[in-house]
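I opened the notebook to record what I looked up. The entries follow the order in which I checked things.

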Amino acid sequence: MARQTVVLGAGMVGVCIAWHLRQRGHEVTLVDRLQPGRETSFGNAGIIQREAVRPYPFPRDAKTLLSVLPNRRIDIRYRPSGMVNAVFPLLRYWMNSAPKAYQKIVPEYASLIQLSLKTHGPMIDAAGADHLVRRQGWLELYRTANKLAARIKDAEEARNLYGVQFEQLDRAALLEKEPSLSDSIIGAIHWLDPWTVADPGALVAAYANAFSQDGGRILQADIESVQQMGERWQVTTACEVIEADDVVVALGPWAGNWLKSLGYHFPTFVKRGYHMHYATQAPAKLNYWLMDAEVGYLLAPMNAGVRLTTGAQLDRLEALADAKQLDAAEKVARHVFPLGERRDAVPWKGARPCLPDMKPVIGPAPRHPGLWLAFGHGHQGFTLGPATGHLLADMMEGKETAIDMAPFRADRF
């Protein structure tokens, strides 16, 4: 008899786990309060970031830290209450960003990133979603020559160590790709490996539909409790009670709070973010995904319009929205590219699920047989969902994994 599995959370990570398990013959129910891909996975920048072999460290130099304090930067903002709420995880994050610790984390993190394209590919094919995907990379824009030169050195190291491919673009080469950019941009890095997605939520939904078409079950309902009942599990939802051999917690930014009821206290915190869609001023057209690297926002030509996504806001998960960061980013972006009117009634708000060593938890829960964990992917849940699904399915079946999973074990905290 096939093993029965309940996957909690229908974002990119949860959907991909469910898909991989169903491919292997498991009876799988995917549970979420919303339809697949409508929470965190809906609002991101839509890049499958094969080049992102280094996670985002906490700034440690005094100049950067002092520049953050006035709380006016576009790439990072905070609310004091949110900082207080996450003070201990943030302190550990800062410590793990020290050079010695960070140098150990990078190759572990990169081992996951290197699986991103090869694991998305089969799922895109199975979902018939190739129309959503562009394989032309994205552009990282610079305003000053010295910062571009420093970033080129990083890119060369990433190419030597992890096979990342890129091209350096001067002003003339950049204008061939994006003729409508302002004179403030003097050059760019063209990351060649990544794939971009014109509707991130639609890609997750397509993956979920492929799972459903293959016999998987999707239940849209609030999750009320998760309990171990002997050697099996019981998941109580607002609609029904489900019994299973295995439960997978893939609840993104909500995972930490949910797991407290089972006695686990992970040092989770969130980096919130916002987006807004815009028209363009004719005849301008945005051809590539663009990151204004020295300011800290991204423009993406999506189906709904040009999506502007902000940097990080350190705050509590459920705190009220604060559009000041988005407004500040929009003001700068309008001087870089001719954006038109806003297309959304209100800004979208979401939260990136983070852990202080910048790596997700992927694997078995330490004290509960049949409970599996997959959360804490930070900025890269959209990129790493299929890789996580493949790796966790291997672990659940006792098979050898493509990479060493020890750096992502749950008992490291």
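Which residues in H1 meet which residues in H12? I found Met 12, Val 13, Cys 16, Ile 17, His 20 and Leu 21 in H1 meeting Gly 381, Phe 382, Gly 385, Pro 386, Thr 388, Gly 389, His 390, Leu 392, Ala 393 and Met 396 in H12, contact meaning heavy atoms within 4.5 Å. These residues divide into 10 nonpolar, 6 polar and no charged.

I noted the source: this is a predicted model, where local features need pLDDT of at least 70 and side-chain atom pairs count only at pLDDT 80 or more, while totals for chains, interfaces and linings use all residues. Residues are numbered from 1 along each chain as its sequence is written, and side-chain values use heavy atoms, with hydrogens and water left out.

I looked up the geometry of the pair. The axes of H1 (residues 12–23) and H12 (residues 381–396) come within 7 Å and cross at roughly 35°; axes are lines fitted to C-alpha atoms, for helices over the stretch in contact, and angles run from 0 to 180 degrees between N-to-C directions.

I turned to the loops. Most residues other than glycine have a negative phi, and most peptide bonds are trans. Asn 71, in the loop between helix H2 (62–68) and strand S4 (76–78), has a positive phi near 65°. Met 358 also has a positive phi, about 70°, and lies in the loop between strand S21 (348–354) and strand S22 (361–364). The peptide bond from Ala 282 to Pro 283 is cis, with omega near 5°. I placed Pro 283 in the loop between strand S15 (269–280) and strand S16 (290–292).

How values were computed. Helices (H or I, at least four residues) and strands (E, at least two) are DSSP runs, numbered from the N terminus. Ala, Val, Leu, Ile, Met, Phe, Trp, Tyr, Cys and Pro count as nonpolar, Asp, Glu, Lys and Arg as charged, and the others, Gly among them, as polar.
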